[in-house]
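Please find below my note on the model under review. The points are numbered so that each can be checked against the coordinates.

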Amino acid sequence: MSTAQLAFIGLGNMGGGMARRLLDTGHTLTVHNRTASKAAPLADAGATLADAPERAAAGHRVVMLSLSDDKAVEEVLFGRVVPVLEPGSVIVDTSTVSPAYAREAAERLAAKGLRRVEACVVGNPLQARKGELRVFVAGDPADLYEVRPVLEAIGTEVVHLGAPGTAAGMKLILNLLLGAQVASLAEAVAYGTAAGLDRNQLIGAVSASGFSSLVMRFRAELMIKGSYEPAFFRSALMEKDIRIALEDAAGHGTQMPVLGLVREQFEAVVAAGDGDKDASVLVEHQS
């Protein structure tokens, strides 16, 4: 199967970046996004636009998805895309869903003669655009081999973890750590400024310290600039990812009380109307 021609459905910040990278590396794309205006730059770059997900997928043996959650995948993939796919087609799903749903989706697709490569990507939209993502993959190694050129176009590292659900679990764990770092920095800033420290000097000092990380330095810069839109990782998605991770962990008998409190903080950000802003906006919600 040639992977040079494929469909790409879901052109949000990450999906749009990945799709543009694929175009730049010689792939031929038919794309669809619910909000059509987000697809316009890709059309200008040479992609073919489709006005419905099923029209984007029809006639393609490789279909990539970048959707927001289990519900969106259910509606788009199973409700509209699966009926038009030929047996043997491969769905490369970069959506962040629960491990349980990832396993279920793989089983349901297999029953229809279709294959699912679970490809959870780690990075931000700028890295997606440059092909600098880390890609954690689950599923049949033979299916991964078939679409590896596509994944290597968007990522500098492609790691196969095992059975369906394992890549989803890894992605959630990494996002838990991201959320915890953002929340701890936001609380530290609230304490420091209340104690009389200069806000930006404090954030800069933490960012440059040995207690920081690449992720914390990136978010610290956003906090200093007060630049939360366009979001690199929306607060609403952060809350969603922590929530489904907590639910999955509880199913394994693991309690995560600290991260439960972090989820509540992002839930409050969403309730305050800042769900579409970057997760680093949490610093503005600390009293």
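At what angle do the axes of helix 4 and helix 5 cross, and within what distance do they come? The model is a predicted one.

1. Helix 4 and helix 5. The axes of helix 4 (residues 70-81) and helix 5 (residues 99-111) cross at roughly 10° and come within 11 Å. Helix 4 is therefore roughly parallel to helix 5, since angles under 35 degrees count as roughly parallel. On the helix 4 side the residues that meet helix 5 are Asp70, Val73, Glu74, Leu77 and Phe78; their counterparts in helix 5 are Tyr101, Ala105, Arg108 and Leu109. By class, this contact has six nonpolar and three charged residues, with no polar ones.

2. Eight strands make up an open sheet with mixed pairing, and their order is 3-2-1-4-5-6-7-8. Strand 3 (48-49) and strand 8 stand at the edges; each has a single partner strand, so one side of each is left without a neighbour in the sheet.

3. Strands 1, 2 and 4. Strand 1 (residues 5-9) is joined to strand 4 by three bridges, and the two run parallel. Within this pairing, Ala7 has Val63 of strand 4 as its bridge partner. Strand 1 also pairs with strand 2 (residues 28-32), in the parallel sense and over five bridges. Here the bridge partner of Phe8 is Val31 in strand 2.

4. Strand 4 pairs with strand 5 (residues 90-93) over four bridges, in the parallel sense, and Val63 stands opposite Ile91 of strand 5. The chain passes from strand 4 to strand 5 through helix 4, a β-α-β crossover that is right-handed.

5. Strands 7 and 8. Six bridges link strand 7 (residues 133-138) and strand 8 (residues 155-162) in the parallel sense. Phe136 stands opposite Val159 of strand 8.

6. Helix 7 lies across strands 1, 4, 5, 6, 7 and 8, and runs at about 155° to strand 8. Helix 8 lies across strand 6, strand 7 and strand 8, running at about 15° to strand 6.

7. Helix 8 and helix 12. Helix 8 (residues 166-194) packs against helix 12 (residues 257-274) at an angle of about 70°, with the axes 10 Å apart. Helix 8 is therefore roughly perpendicular to helix 12, as angles of 65 to 115 degrees are counted in that way. Helix 8 contributes Leu176, Gly179, Ala180, Val182, Ala183 and Glu187 to the contact, and helix 12 contributes Leu259, Val262, Gln265 and Phe266. By class, the contact has seven nonpolar, two polar and one charged residues.

8. A cis peptide bond. The bond from Glu229 to Pro230 is cis, with omega near -5°. Pro230 is located in the loop between helix 10 (214-225) and helix 11 (235-251).

Technical notes:
Residues numbered from 1 in each chain as written. Predicted model: local features only at pLDDT ≥ 70, side-chain atom pairs only at ≥ 80, totals over all residues. Heavy atoms only, no water. Axes fitted to C-alpha atoms, helices over the stretch in contact; angles between N-to-C directions. Parallel < 35°, antiparallel > 145°, perpendicular 65-115°, else oblique. Contact = heavy atoms within 4.5 Å. Nonpolar A, V, L, I, M, F, W, Y, C, P; charged D, E, K, R; others polar. Pairing = 2+ DSSP bridges. Right-handed = clockwise from strand over helix to strand, strands pointing away.
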